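User: I would like to learn how to read the features of a structure. Please take me through one, starting with a helix.

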There are 2 protein chains.
Amino acid sequence: MAEHDLPRRGLVLAAAALGAGGAGYPPPSPIDSGSVEGGRIQFPDWRAPADPPSGALPQPRPPGERIGFAIIGLGRIALEEVLPAFAECKEARPVALVSGSPEKARLAAAQYGIPAEAVLGYAELERLRDRPEVQAVYIALPNAMHREFTERAAAIGKHVLCEKPMANSLADCRAMTEACARAGVRLMVAYRSQYQPHHRAAIALIRGGELGRLRFIEASNTQANGPGPQWRYSKQMAGGGALPDIGLYCLNATRYLTGEEPVEGFATIHNPSGDPRYAEVEESMAFQLRFPSGVLANCLTSYGAYQNRMLRLHFERGSIEMPHAFDYQGQRLVVQRRVGQVAAEEERIVKPKNQFAQEIDHFAGCVRAGRQPHTPGEEGVQDQALMEALYRSAAEGRPVRMEPPPGPTRGPDPA
Amino acid sequence: MAEHDLPRRGLVLAAAALGAGGAGYPPPSPIDSGSVEGGRIQFPDWRAPADPPSGALPQPRPPGERIGFAIIGLGRIALEEVLPAFAECKEARPVALVSGSPEKARLAAAQYGIPAEAVLGYAELERLRDRPEVQAVYIALPNAMHREFTERAAAIGKHVLCEKPMANSLADCRAMTEACARAGVRLMVAYRSQYQPHHRAAIALIRGGELGRLRFIEASNTQANGPGPQWRYSKQMAGGGALPDIGLYCLNATRYLTGEEPVEGFATIHNPSGDPRYAEVEESMAFQLRFPSGVLANCLTSYGAYQNRMLRLHFERGSIEMPHAFDYQGQRLVVQRRVGQVAAEEERIVKPKNQFAQEIDHFAGCVRAGRQPHTPGEEGVQDQALMEALYRSAAEGRPVRMEPPPGPTRGPDPA
């Protein structure tokens, strides 16, 4: 039956009945219709306790009230992940683009409903000062450009959400946190995994002690990269090779999972000889970290092996496997432990959420509330210090001591 | 219908018909009946090429013609794995027991059909000289006793299949190979994984190049050990802790999978403070190995984390996951690679075989044919040298160079 064939009178009656117990239908129960309380639509539980609860309603903020972002840089990550993710945001919206490619920027602006006059070139960034709907920027530029654009955005009073790695040197990272502090704007590094539901569930499981103490971590992040030239193969632009680009996910995960800072690290680099891609940056690194509690972590990252992003956590009384841990999607969380007389393997079905949308909404909430983000600049500074220590270890062929950060590196947990 | 109710005449006719085309049934085709060729029963393929072939028939050697083994030591591995495995052997049979526990030995002998007069105490081992049906011994004693019993068995002309680790020192390992060479008997170290079908399939896949070059290995072997006293917690009896007992599987696997010898290693030990079990031996070790081709291996072993025995191989164009890689059973082999436009995950169903039976039959075949085993004493000597290097690395807190063995460490591949 095509839509225009629907008996209109029946539809109208049904709608009325559902709303107010109109003719022909009984009035809905509060369990069915829900209610509005404190500006939020709410439904009471309708399922039995045997089933897991279905969770809270999304409660998106009306579009006009959301934190407006300018996206700076229209490379793959901006166009493949960040801009599409705004459709799943509830606290943020894209309102301006800054790009070095005018034609690409105009098309992307049209695609994402951004007005043409809010499309700027890199040199025009400061004109965002006059656009009050832009409260924050999302920096999705090559690593070497993070510092400059963070400082310029801070200088015009815009809050900064910056892609990882934060920058290419400790000096640059520190300059960024100082610039944002001076300007009184929030700075967050886009450590998306820390906002990803499976990783949040793993952290909760570790802190809750369900499987006993966490003892060991194995983390890998590998992919097979194509031929150059690509900015990823430039030491000047990328700061390094596989480590800052994808190995950083392993490094960062060992820290937020343990809740500790490593005290010693050892790294081995391998570069295939004669491959021009790896004349400046490393193809592969295996590294080991030791934490104060005794946790040991074995990590592996490479641009030269088939994509593989696995996280494995070894506890006293169980293990957790997280296949696709660092992928954009497809995370899983499998718990292995003893149940009665047998070894059990149990997948915990965690509701997937777009991790880019999660991190953008988190930052928008922090900007609105004047709150420190969960992954502020300090988190990026510490990772940069650790990466520099790992490079030193690889260069010197010996383990290196790692210094604790001067203070906490993370703000309050995301909701 | 109970068995005694079967119409006897029908059964007899059916049997005759299947054998020779008797009354009532058509004669069988050669595809159905098979044939005897060269002393072996054979069936031609009956399935279409779309299905994998069902494989060759077992062809067990008549019991009286098999190589007879004396099992020395009746601890858990002998009674849980080795003696039961003989039921699945086709080339070997258990014909004597040597134990320090006469009551246990008498009962086990009865259970496995071994005559009471073939049950000896440790001090009586030399009486095996007078039992010609005993051609080989399977040494399943605590590590510290391997050297003495290998030398005593060799001295009375018995071939030696010795559990891993080979012994507790390089000097002991070398003395064992020399004793067996002097006596003209074969010596094999029971590296069961090298005879296990999934590991053989992984080796074949690596050598065949299906996924490109092997780049990295991650291997873990952890388990949660109970309270002492146990010989495993005695440095004198065990030689070490998790490394020689279970970490050795990871170490040995990196070597047979790559077909290379590591040139550098780095190890970190962790012992929980105040735990009397780890006063003499290590609880946990994380170690990294570098191979000449550039393969890097991250390995992890512990007595203090839930059982987990995973092997992951990273190739240029795919990965292999082998859950339960070092368990007694339950191995799997999962290949991950690109297929068309998608990432594929494909389990290769490898027919499981009892890996103890496989290794025992391999050694029996070598004894019969006068052939070098696939894992002779030299294989154990090299692993002992590498383990001593790893302990040195952990003690000195720095990577150590590893020396290549003086010659090949492995004999011809198992069938």
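Analyst: Buried means under 20% relative accessible area, exposed over 50%, and partly exposed in between, with a 1.4 Å probe and protein chains only. Helices (H or I, at least four residues) and strands (E, at least two) are DSSP runs, numbered from the N terminus. This is a predicted model: local features need pLDDT of at least 70, side-chain atom pairs count only at pLDDT 80 or more, and totals for chains, interfaces and linings use all residues. Residues are numbered from 1 along each chain as its sequence is written, chains are lettered from A and ligands numbered from 1 in the order in which they are written, and side-chain values use heavy atoms, with hydrogens and water left out.

User: Which residues of α11(A) are buried?

Analyst: Among them are Gly377(A), Val381(A), Gln384(A), Leu386(A), Met387(A), Leu390(A) and Ser393(A). With contact taken as heavy atoms within 4.5 Å, the buried residues of α11(A) pack against α6 (170–183), β8 (187–189), α9 (242–258), β10 (264–270), β11 (284–290) and β18 (400–401) of chain A.

User: How do I read a sheet?

Analyst: Two strands pair if DSSP finds at least two bridges between them. Chain B has an open sheet of 6 strands in the order β5-β4-β3-β6-β7-β8, with parallel pairing. Its edge strands, β5 (119–120) and β8 (187–190) of chain B, each pair on one side only. Within chain B, β6 (136–139) and β7 (159–163) pair in the parallel sense over 4 bridges, and Ala136(B) stands opposite His159(B) in β7(B).

User: How are the two chains related?

Analyst: Two copies of a chain are related by a rotation about an axis and a shift along it. Copies are superposed by least squares on the C-alpha atoms of residues with pLDDT of at least 70 in both. Here a rotation of 180° with 0.0 Å of shift along its axis superposes chain A on chain B, with an RMSD of 0.0 Å. That is the relation of a two-fold axis. In chain A, the C-alpha nearest the axis belongs to Arg398(A), 2.7 Å from it. The same surface serves both copies: 100% of the contact residues of chain A recur in chain B.
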